Amino acid sequence: MFCRNCGKEINDQAEICIHCGTRPLIKRNFCYKCGAETKPNQEICIKCGFISMSSTLYTKEQIPYRTEFSNLSQYYQDEFNKIYSSGDRYRGKWNWWAFSFGALWGLTKGVWLASVIAIIVVVFAGLIVAPLGWIIATIYWFIFGVRGNWMYYNAYAKKKQLPI
Ligand SMILES: [Zn+2]
Ligand SMILES: [Zn+2]
């Protein structure tokens with residue numbers, strides 16, 4: 001494929017362009033199929049007719065990696081673009097919705113594994129000693145607040161549950 005930032009040809013599986021050092025699909029200056037110049041709002045490459053400029057990148061583990069977030073709300077678009085362009089170093093900001101609704105929020109965002117585990121652990125802890133259930137619930141809900149956006153990003157972009 002071609003780097004969408006600098007237009008040079010790179011390995012199809014490259015996560016970082018060896019010529020310019022950015023993630024290859026982060027900008028929209030070039031078509032990633034043929035390397036032709038494109039405009040940022042262009043949906044189809046005029047030169048090769050490639051249908052969608054919205055692209056799926058394959059990660060090293062061959063999991064489809066979504067890099068287009070335009071059908072999400074502005075909040076998550078901004079967050080996901082920030083995570084993506086940071087090369088996963090940025091892991092999202094505190095999310096009040098995720099903190100308030102915890103596992104329920106997780107379930108609505110496709111973060112099902114972490115949510116199911118949280119619910120099971122909280123219920124079991126609550127059955128043993130009620131206050132313990134509340135303490136563990138609070139800890140879990142904090143994790144959702146801190147890492148909610150990161151978990152959502154992994155579930156959405158990489159179809160990956162329980163990112164570490
Ligand atoms: Zn490049
Ligand atoms: Zn093209």
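User: Thanks! How many Å separate the centres of domain 1 and domain 2?

Analyst: Taken over C-alpha atoms, the two centres are 29 Å apart. Domain 1 runs over residues 1-68, and domain 2 over 69-164. Keep in mind that this is a predicted model.

User: And how many residues are in contact between domain 1 and domain 2?

Analyst: On the domain 1 side there are nine, and they are in contact with 10 residues of domain 2. Sorted by class, the domain 1 side of that contact has four nonpolar, two polar and three charged residues.

User: Let's look at a helix. Which residues of α3 are buried?

Analyst: Ala114, Ser115, Ala118 and Val122 are buried in α3. Seen down the helix axis, these buried residues fall within an arc of 95 degrees, so they line one face of α3.

User: Why would residues that are a few places apart point the same way?

Analyst: That comes from the turn of the helix: an α-helix has 3.6 residues a turn, so residues three or four places apart point the same way.

User: Nice. What covers the buried residues of α3, and which residues are exposed on the other side?

Analyst: The cover includes α2 and α4. On the other side of α3, Ile120, Val123, Phe124, Leu127 and Ile128 are exposed.

User: How does the span of α3 compare with what it should be?

Analyst: It agrees: at 1.5 Å a residue, the 17 residues of α3 (112-128) should span 24 Å, and the end C-alpha atoms are 24 Å apart.

User: What about α1? Which of its residues are buried?

Analyst: In α1 the buried ones are Glu79, Phe80, Ile83 and Tyr84. They cover an arc of only 130 degrees around the axis, which puts them on the same side of α1. What covers them includes α4, residues 130-157.

User: And what follows α1?

Analyst: Glycine 87 does, and its phi is positive, near 70 degrees.

User: Which residue other than glycine has a positive phi?

Analyst: Lysine 159 is one of them, with phi near 55 degrees. You'll find lysine 159 in the segment after α4.

User: Switching to valine 111: where is it, and is it buried or exposed?

Analyst: Valine 111 sits in the loop between α2 and α3. Valine 111 is buried, with 27 other C-beta atoms within 10 Å, and the cut-off for buried is 20 or more.

User: What does valine 111 touch?

Analyst: Leaving out residues up to four places away in sequence, valine 111 touches Gly106, Met151, Tyr152 and Ala155. Lysine 160 is 49 residues from valine 111 in sequence, and their C-alpha atoms are 8.8 Å apart in space.

User: Last one: how far apart are lysine 33 and cysteine 48?

Analyst: They are 15 residues apart in sequence and 7.7 Å apart in space, C-alpha to C-alpha. Lysine 33 is in the segment before β1. With 16 C-beta neighbours inside 10 Å, lysine 33 counts as partly exposed.

Key
Residues numbered from 1 in each chain as written. Chains lettered and ligands numbered in written order. Predicted model: local features only at pLDDT ≥ 70, side-chain atom pairs only at ≥ 80, totals over all residues. Buried ≥ 20, exposed ≤ 12 C-beta atoms within 10 Å, placed from the backbone. Helix = DSSP H or I, 4+ residues; strand = E, 2+ residues; numbered from the N terminus. Arc of directions from axis to C-beta. Contact = placed C-beta atoms within 7 Å. Domains from an automatic or database assignment. Nonpolar A, V, L, I, M, F, W, Y, C, P; charged D, E, K, R; others polar. Expected span 1.5 Å × (residues − 1).
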